[in-house]
Amino acid sequence: MRAARLVTALVLALLAGLMTAPVQAQAAPENPSTFSAGELVDNGHRFFGTVSRGLALTVQEAVKRWGQPNGYILGQEASGAFVGGLRYGEGVLHTRNAGQRRIFWQGPSIGFDFGGEGSRTMMLVYNMPAVNALYQRFGGIDGSAYLVGGFGMTAVIADNIIVVPIRSGVGARLGVNLGYLKFSAEPTWNPF
């Protein structure tokens, strides 16, 4: 009787092991609709050029905090502030399932913020259900402190979609501000 229980337990354990092995193998591949840190860094290197170490560290930190994005934007922007500020940018949105789309952004800010900058920008986009979901206002807090240039990363959020702008700026900027970015399919001078 004891031997029969032992054989039954071994057979059940063997069957359980066989049934779970394919499930573990299926969970290993990455999500095909997202971008890995390596892909982002490679594309960023081509876009930003020689400032690659700062970019790699910034992208790795973003992926560590929020995971793999399902889209990213490469573009350029200009901004300036004297207590109140404005930011305007344009670029190309890259996605796995919708391809590439031209995109524009603009937005106001207010706070203790002085200076101006021109930036090359990579924005990582998380939880984007469709490209049209990006055409709205994303609010957040931004802070900058540099003279001549540097890398910076912030996060802006709307409707569970997170956009993480990574900027390599040239200019002089000091301050902290509260503002938003409004994305659109067409350029506009109206930041609101």
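# Contacts, burial and enclosed space in a predicted model

Q: What makes Val83, Gly84, Gly85, Asn177, Leu178 and Gly179 contacts of Ser109?
A: Contact means heavy atoms within 4.5 Å, and, once neighbours within four places in sequence are left aside, Ser109 meets that condition with Val83, Gly84, Gly85, Asn177, Leu178 and Gly179. Ser109 itself belongs to strand β2.

Q: What should be kept in mind about the model and its numbering?
A: This is a predicted model, in which local features need pLDDT of at least 70 and side-chain atom pairs count only at pLDDT 80 or more, whereas totals for chains, interfaces and linings use all residues. Residues are numbered from 1 along each chain as its sequence is written, and side-chain values use heavy atoms, with hydrogens and water left out.

Q: How confident is the predictor, and where is the pLDDT below 50?
A: On the scale of pLDDT, the predictor's confidence in each residue from 0 to 100, the protein averages 78, and 75% of the residues score at least 70. The pLDDT is below 50 over residues 1–29, a stretch that has zero contacts in the model beyond near neighbours in sequence.

Q: Which pattern does the protein follow along the sequence?
A: Helices (H or I, at least four residues) and strands (E, at least two) are DSSP runs numbered from the N terminus, and on this basis the protein has three helices and five strands. Read along the sequence, they give the pattern α-α-α-β-β-β-β-β. Of the contacts between residues at least 6 apart in sequence, 70% join residues at least 24 apart.

Q: Why is Ser109 called buried?
A: Buried means under 20% relative accessible area, exposed means over 50%, and partly exposed lies in between (1.4 Å probe, protein chains only). Ser109 has 17% relative accessibility and therefore counts as buried. Buried residues make up 40% of the 192 residues in the protein.

Q: How do you know that His94 is buried, and which residues is it in contact with?
A: His94, in strand β1, is at 14% relative accessibility and so counts as buried. Apart from neighbours within four places in sequence, its contacts are Phe35, Gly71, Tyr72, Leu74, Gly99 and Gln100. Of these, Tyr72 is 22 residues from His94 in sequence, with 5.3 Å from C-alpha to C-alpha.

Q: What makes the phi of Val83 and of Asn127 worth a remark?
A: Most residues other than glycine have a negative phi. Val83, although not a glycine, has a positive phi of about 70°, and Asn127, likewise a residue other than glycine, has a positive phi near 60°. Val83 lies in strand β1, whereas Asn127 is in the loop between β2 and β3 (137–153).

Q: Why are Val83 and Asn127 called partly exposed?
A: Val83 is at 36% relative accessibility and therefore counts as partly exposed; Asn127, at 45%, counts as partly exposed as well.

Q: What makes a space a cavity, and how many cavities of 30 Å³ or more does the search find?
A: On a 1 Å grid over the protein atoms alone, a cavity is a set of points where a 1.4 Å probe fits but cannot get out, whereas a pocket is an open set with protein on both sides within 12 Å along at least five of seven lines; lining residues have an atom within 4 Å of a point. A search of the whole structure finds one cavity of 30 Å³ or more. Of the 20 residues lining the largest cavity, the closest to its centre are Arg87, Asp142, Asn177, Tyr180 and Leu181. Its largest share of lining, seven residues, comes from β5.

Q: How do you know that Leu181 is buried?
A: Leu181, in strand β5, has a relative accessible area of 5% and is therefore buried. Its contacts beyond four places in sequence include Arg87, Trp105 and Met123. The C-alpha atoms of Leu181 and Arg87 are separated by 8.0 Å, although these residues are 94 apart along the chain.

Q: Which residues line the largest pocket, and which strand supplies the largest share?
A: The lining consists of Gln76, Tyr88, Gly89, Glu90, Phe104, Trp105, Gln106, Pro187, Thr188 and Trp189, and β1 supplies the largest share, four residues.

Notes: Points joined across faces, edges and corners; volume = space filled by probe spheres on them.
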